[in-house]
Amino acid sequence: MKPIVSIIMGSTSDLPVMEKACKWLDDNEIPFEVNALSAHRTPDAVESFAKNARNRGIKVIIAAAGMAAALPGVIAANTTLPVIGVPVKGMLDGLDALLSIVQMPPGIPVATVGVNGAQNAAILAARIIALSDETVAAKMSAWKAGLGAKIEKANAELAAIKTYRYKTN
């Protein structure tokens with residue numbers, strides 16, 4: 001299947017964080033690709049990637065970066081596709097990357113999830129795609145229903161615990 005989500009990392013050292021996005025997309029059968037491109041070390045490749053992503057069938061780009069975190073913004077500057085930035089924890093507990101990604105100038109938006117929030121980036125990408133893809137929308141609905149079922153199960157297990165009671169005043 002042709003990928004519809006592209007996961008881009010500034011370095012393969014970001015892969016342990018981004019594996020959560022890969023796993024979520026894979027579990028939900030949403031085709032994706034993964035590449036390492038650096039805004040600083042391979043700027044021409046980043047520009048070419050961003051400018052050609054739509055023609056290759058990509059619908060959403062997830063871009064992860066740490067420290068200066070320029071990659072999501074550079075990609076957003078070179079495409080009209082939605083870009084979701086994932087700040088990667090490194091220096092300053094990821095605050096530097098978070099601020100770099102979220103503080104984009106007018107006209108160059110980058111949706112941004114929390115530090116190391118790769119799974120949420122994948123879910124947001126799927127929600128964007130679901131707006132125009134009924135198959136992905138159905139997968140999102142099923143996944144969301146599963147979340148509720150997990151909480152209901154947890155509450156039932158808590159209710160079964162007889163060793164303590166909460167007191168209210």
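**Notes on a predicted model**

1. Strand β3, residues 60-66, runs parallel to β4, and 6 bridges join the two. One of the pairings can be located by residue: I61 has V83 of β4 as its bridge partner. The model is predicted.

2. Buried here means under 20% relative accessible area. Both faces of β4 are covered.

3. The chain as a whole has 6 helices and 5 strands. In sequence order they follow the pattern β-α-β-α-β-α-β-α-β-α-α. The C-alpha trace spans about 65 × 40 × 30 Å along its principal axes.

4. Of the 169 residues in the chain, 38% are buried. The accessible surface of the chain is about 9,800 Å², and carbon and sulfur atoms account for 57% of that area.

5. Contacts can also be sorted by separation in sequence. Taking those between residues at least 6 apart, 66% join residues at least 24 apart.

6. The largest pocket holds about 290 Å³ of space. It is lined by 19 residues, and those closest to its centre are G10, R41, A65, G66 and M67. By type, the lining consists of 9 nonpolar, 7 polar and 3 charged residues.

Conventions:
Residues are numbered from 1 along each chain as its sequence is written. This is a predicted model: local features need pLDDT of at least 70, side-chain atom pairs count only at pLDDT 80 or more; totals for chains, interfaces and linings use all residues. Side-chain values use heavy atoms; hydrogens and water are left out. On a 1 Å grid over the protein atoms alone, a cavity is a set of points where a 1.4 Å probe fits but cannot get out, and a pocket is an open set with protein on both sides within 12 Å along at least five of seven lines; lining residues have an atom within 4 Å of a point. Grid points are joined across faces, edges and corners, and a volume is the space filled by probe spheres set on the points. Ala, Val, Leu, Ile, Met, Phe, Trp, Tyr, Cys and Pro count as nonpolar, Asp, Glu, Lys and Arg as charged, and the others, Gly among them, as polar. Helices (H or I, at least four residues) and strands (E, at least two) are DSSP runs, numbered from the N terminus. Buried means under 20% relative accessible area, exposed over 50%, partly exposed in between (1.4 Å probe, protein chains only). Contact means heavy atoms within 4.5 Å. Accessible areas come from the Shrake-Rupley method with a 1.4 Å probe; for residues, only the protein chains shown count as cover. Two strands pair if DSSP finds at least two bridges between them.
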